[in-house]
Amino acid sequence: MVDLQKENVPELVQKAGAGDRGCLEKLVNLFHGDIFRLVYYRVGSRMEAEDLTQDTFLEMTRSLIRLRDPAKFKPWLYRIALNKVRDFHRKKRLRAFLFRTKLAGDMESGEDPVSPLGQVMAKEFWHEFHSMTQKMSPKEKDVFMLRYVDQLGIREIAEAMGKSESTIKTHLYRALRKFKNASGFRALLKGSVS
Amino acid sequence: MKDQHLDEDQIIVSMVDEHDLPGKSKSHLETCPECQERKGVLMAQLEGMGHMAKKMAPRPRSIRLPEPKISWGLSFRWPVVASGLASLFIIVAVWGLMFLGGPPLKMAPTPAGQQMVGLSFIDDILEDSVLPAYYQDIAPVSFEYFDDAFMDFVIPLEGSDEDTLENISLKKYNTIRKEA
């Protein structure tokens with residue numbers, strides 16, 4: 001397991017951009033889990049998330065040479081992943097419109113061996129989570145998730161979304177107000193936190 | 001001191017970015033355990049949400065990056081290179097026959113001459129008009145396909161592009177911008 005804190009990411013990015021295969025693989029290992037989860041939270045299907053994660057890293061490999069500032073690698077990579085997710089949802093909506101199919105809403109449970117109780121808890125968690133985030137606008141939801149689920153800082157979110165920091169703060173403020181009013185979800189969290 | 005406690009909105013603002021709070025509220029938050037606790041509860045719930053989301057997501061399977069591209073080489077692209085060389089050879093051979101093959105070929109009544117019909121056909125194409133003069137006289141249209149104006153439009157003469165429509169429009173636009 002590669003530790004993100006211990007690695008000098010900009011240096012890895014520079015070397016990978018210059019064609020160092022080892023550094024490229026190290027970069028992928030560093031961010032693979034985070035990017036997969038980012039996609040999974042938004043797509044809800046393990047298989048789709050794996051495909052989109054693969055696409056994200058392929059795009060990263062192709063475009064790394066064009067990244068001017070290696071220090072901004074993380075938000076840049078997250079932006080690629082977010083764009084992939086957005087494209088996925090657009091195609092899905094188009095397919096649903098053309099073929100009159102229903103858009104799936106529930107999160108698919110992973111194939112990891114989880115106890116029945118764990119599965120019930122996961123289902124309840126995602127159900128409450130989606131009920132809470134449904135009250136947010138798409139932008140508010142994006143910012144909220146990037147901040148508290150994907151654990152990005154305000155500046156990183158601003159760079160990943162291509163918006164100003166003050167816009168991000170405004171969206172986050174509104175989203176937090178909605179989070180505070182979501183008593184059902186907060187009660188669920190209270191149980192898990194305590 | 002109770003009236004100075006932060007309201008709900010101020011607590012949320014402090015969660016977004018503590019530096020965005022007014023100085024008085026900020027210093028109150030630093031010293032008031034009650035306000036710190038209210039903020040702490042919400043922060044703990046958000047942190048718990050992040051942990052739970054991570055716990056309830058499946059583990060990703062490893063991914064494979066594509067192999068780096070092999071540089072252009074004869075061994076890798078040999079069919080492309082071979083067909084390219086063959087095409088080049090054919091072109092060179094045809095041009096060689098046309099320009100370096102001695103006097104122009106003429107139609108001959110002999111069977112060997114008849115085989116040269118293909119090459120004389122190329123000569124016909126290169127002529128201005130393949131029709132005999134008699135047919136050109138009775139033809140209803142001119143055989144000068146492209147008049148000078150059209151050719152000038154397609155291939156402008158050097159230095160003649162100063163007064164094209166686009167340039168006139170651009171000059172006008174720049175003049176208007178300067179006047180503005």
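A: Let's start with the residues of α3(B) that are buried: C35(B), K39(B), L42(B), Q45(B), L46(B), G48(B), M49(B), G50(B), M52(B) and A53(B). Here buried means under 20% relative accessible area, exposed means over 50%, and partly exposed is in between, using a 1.4 Å probe and protein chains only. Helices are DSSP runs of H or I with at least four residues, strands are runs of E with at least two, and both are numbered from the N terminus.

Before we go on, a word on the ground rules. This is a predicted model, in which local features need pLDDT of at least 70 and side-chain atom pairs count only at pLDDT 80 or more, while totals for chains, interfaces and linings use all residues. Residues are numbered from 1 along each chain as its sequence is written, chains are lettered from A and ligands numbered from 1 in the order in which they are written, and side-chain values use heavy atoms, leaving out hydrogens and water.

How far apart are the ends of α3(B)? The helix covers residues 33-55 of chain B, which is 23 residues, and at 1.5 Å a residue it should span 33 Å. That expected span is 1.5 Å times one less than the number of residues. The end C-alpha atoms are 31 Å apart, which agrees.

Now zoom in on M49(B). Setting aside neighbours within four places in sequence, M49(B) is in contact with F125(A), F129(A), M132(A), F144(A), Y148(A), V149(A), F179(A), F185(A) and L189(A). Contact means heavy atoms within 4.5 Å. M49(B) also belongs to the largest nonpolar core, which has 76 residues, and is among those with the most contacts inside it, along with F73(A), F125(A) and F144(A). The largest share of this core, 13 residues, comes from helix α2 of chain A, residues 21-43. A nonpolar core is a set of buried Ala, Val, Leu, Ile, Met, Phe, Trp, Tyr and Cys residues joined through side-chain atoms within 4.5 Å. As background, nonpolar side chains tend to be buried together in soluble globular proteins.

With neighbours within four places left aside, Q151(A) is in contact with G50(B) and L146(A). Q151(A) sits in the loop between α6 (138-148) and α7 of chain A, and it counts as partly exposed because its relative accessibility is 47%. Its phi is near 60 degrees, a positive value in a residue other than glycine. For comparison, most residues other than glycine have a negative phi.

Axes are lines fitted to C-alpha atoms, for helices over the stretch in contact, with angles from 0 to 180 degrees between N-to-C directions.

H171(A) is buried, with a relative accessible area of 13%. Beyond neighbours within four places, H171(A) is in contact with K139(A), E140(A) and V143(A).

Helix α8 (residues 165-181) of chain A also packs with helix α7 (residues 154-161), at an angle of about 105 degrees and with axes 9 Å apart. In this pair, I154(A), R155(A), I157(A), A158(A) and M161(A) of α7(A) meet E165(A), I168(A), K169(A) and L172(A) of α8(A).

Finally, step back to the whole chains. Chain A has nine helices and zero strands, and chain B likewise has nine helices and zero strands. Of the 194 residues of chain A, 43% count as buried; of the 180 residues of chain B, 17% do.
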